[in-house]
Amino acid sequence: MSMRRLWGKLLLYGVVAAISLWVLVPLVLIGLASFTPREEIYRWPKPFLPSRFSTETMSFFLGAHGVLPSTLNSIWVALLTIGFTLAIGAPAGYALARFVFRGREAFRLGILITKMFPIPLLAIPLIVTFIKWGIYDTLLGVAFIHTAMALPFAVLITTSIFVGVPRDLEESAMTLGCSRLGAFLRVVLPLALPGLAAAAMFTFVVSWNEVFAAAILTLSNRTLPAQILTSLEVSPVYFKFAGGFFMILPALIFMFFMRRYLLQMWGVAAER
Amino acid sequence: MNPLRRLLGTDTLLPYWLLLPSVAYLVVFFVLPLSQAFLLAFRTDDGQLTLKFFERMVNDAKFKDALKYTFLLTVIVVPIQLATALVIALLVNTGFRGSRLFLYLCAIPLGISDLAAGLVWYSIFTGRGYLNSVLYSLGIIDKPFHFLSYENIPWMFGAIVAAEHWRATAIVLVILIAGLQMISKDYLEAAEVLGAGRLKKLWYVVLPLLKPSLQAALIIRTIFAFEVFAVVIALAGDLIPVLASESYWWYALYRNLHVAAAYGVLLMALSITVTWGYLRFLRTREEVRGLA
């Protein structure tokens, strides 16, 4: 290898290492902070590695007023959101993947525009609507708006999933006597299942992470981010560290499982 | 014919039936709130059209700062993110050993909420946080410097920039990577045959073909930057106002839906203006392809 290529390689891996550290180090730090004993969090100067591994910061957070109920609320809202989003979005994704029809592009454009709606513009007026419908401060109401936010992404992801299932297989099944629904249930659905699971995980992450609408549309039935946001002013630093880490954890796990689909959900590569 | 079949009609109607739930849902949860937001912002409770909520918004002591900080943050963060994401995307695109892993690693922040990202950087910038400890061990300071204090607003703003840069670069990254993958290898091979080096290929082939993706990334990222919310609250409380946080406080503290909605309408107006501006001034041959 020539010297020039060697230097090029060194430079490449140097930059890669630097960027990787930039992404990872803050994550490691918040992880360390949430398992540092409480008295050490206030020590000056703060040691990078805690003197001992301690779960007291984390258990203080989990035991703090409102945290466990709001975590359960968050999980319920996310599950409802997954159900609504897939039930409504997957048929649209299938239609976009399998049919050429008038209005297809208009629909895709509409989906795109909804992705760019400012959340305050949705959440504030929905306060009035939800009070009228009697679902203000309920998990159902929060799930409704989370579905609206996740739906455009779910349509794009499911489109690319169904594009990936060979049309031939479906047509063969239909030639062999399956109805379209039968072919879908017996052939397409099993093949699309891993992709749909990824779409469900993405929906979970959207809902689990959303804070503005959840904080605006609830008073007592807070989701976890809404609970943390509204108690920030009165909470000690170790509560914030543990809270930050606790919110990140499930998202990280799900991101790992859905990494293959990351490129498809912004609509740029949806047709490939 | 089975009854379901009759209900759905022929195959030409089927796609419309499949789209119907989504369309209906989006009408109820986007079109209706949108019109309702305008009514809230422009109409008094007894039905009079008015601009007084906008006057109240504009004359509020925090409005100017909110506008200033939202713009400042966008103008600073978006170019840095675009540059960072482009560097990462081009690195991944060289296909070096481990590039896949590197991509997944850089995409991690996609799953992290703005609130959590704010708290992550809070652990770094807070008085007895990690940054102060590093500065101390390097001998630069001997007592904690209060980055996140009302006396050091520029530092606080810097912390928000750092957190936003870290959290939301990944969105730009995945759009650019998807764009890079669409570039046909033929063009690159042709350029190679004609004797183009690495830099020439990048400048004359890759970047021009990437323009639609760059444009899409710029639009999406700018619009999201206007809506910055929980990162700011986590790091600065109400000391640095932005448009979305003002909308939040006007409801959460003052229970004033009208002014809160006015902020929402302002945010939408900004988003539309900036999208139009990008499409107009960064014209590409296939404008729609980059977006849709």
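Asp137(A) is placed in the loop between α6 (119–133) and α7 of chain A, where helices are DSSP runs of H or I with at least four residues and strands are runs of E with at least two, both numbered from the N terminus. The structure is a predicted model, in which local features need pLDDT of at least 70 and side-chain atom pairs count only at pLDDT 80 or more, whereas totals for chains, interfaces and linings use all residues. Residues are numbered from 1 along each chain as its sequence is written, and chains are lettered from A and ligands numbered from 1 in the order in which they are written.

Although Asp137(A) is not a glycine, its phi is positive, at about 60°. Asp137(A) counts as partly exposed, because it has 16 C-beta neighbours inside 10 Å; on this scale a residue is buried if 20 or more other C-beta atoms lie within 10 Å of its own, exposed if 12 or fewer, and partly exposed in between, with C-beta atoms placed from the backbone. In chain B, Arg255(B) likewise has a positive phi, of about 55°, without being a glycine, and it is found in the loop between α12 (243–252) and α13 (257–281) of that chain. Arg255(B) counts as exposed, because 9 C-beta neighbours are inside 10 Å.

Chain A contains 12 helices and 0 strands, so that its elements, read from the N terminus, run α-α-α-α-α-α-α-α-α-α-α-α. Along the principal axes, the C-alpha atoms of chain A fill a box of roughly 75 × 75 × 30 Å, and 47% of the 272 residues of the chain count as buried. Among contacts in chain A between residues at least 6 apart in sequence, 73% join residues at least 24 apart, two residues being in contact if their C-beta atoms, placed from the backbone, lie within 7 Å.

Between the chains, 75 residues of chain A are in contact with 76 residues of chain B. Helix α12 (residues 237–257) of chain A supplies the largest share of the side of chain A that touches chain B, with 11 residues. That side divides into 61 nonpolar, 9 polar and 5 charged residues, where Ala, Val, Leu, Ile, Met, Phe, Trp, Tyr, Cys and Pro count as nonpolar, Asp, Glu, Lys and Arg as charged, and the others, Gly among them, as polar.

α12(A) packs against helix α6 (residues 114–125) of chain B at an angle of about 135°, with the axes 8 Å apart; the axes are lines fitted to C-alpha atoms, for helices over the stretch in contact, and angles run from 0 to 180 degrees between N-to-C directions. This angle makes α12(A) oblique to α6(B), given that angles under 35 degrees count as roughly parallel, over 145 as roughly antiparallel, 65 to 115 as roughly perpendicular and the rest as oblique. The contact is made by residues including Lys240(A), Phe241(A) and Met247(A) of α12(A), and Leu115(B), Leu119(B) and Tyr122(B) of α6(B). By class, the contact of α12(A) with α6(B) has 8 nonpolar, 3 polar and 1 charged residues.

The contact of α4(A) with α2(B) divides into 10 nonpolar, 2 polar and no charged residues.

The largest nonpolar core has 171 residues, of which Ile124(A), Ile145(A), Leu173(B) and Leu235(B) touch the most other members; such a core is a set of buried Ala, Val, Leu, Ile, Met, Phe, Trp, Tyr and Cys residues joined through C-beta atoms within 7 Å. Helix α7 (residues 139–163) of chain A gives the most to this core, with 16 residues. Leaving aside neighbours within four places in sequence, Leu235(B) is in contact with residues including Trp121(B), Phe125(B), Leu148(B) and Ile160(B).

Thr159(A), found in helix α7 of chain A, is buried, because 25 other C-beta atoms lie within 10 Å. Pro125(A), placed in helix α6 of chain A, counts as buried, because it has 24 C-beta neighbours inside 10 Å. Not counting residues up to four places away in sequence, Pro125(A) touches Pro33(B), Gln36(B), Ala37(B), Leu40(B) and Ala261(B).
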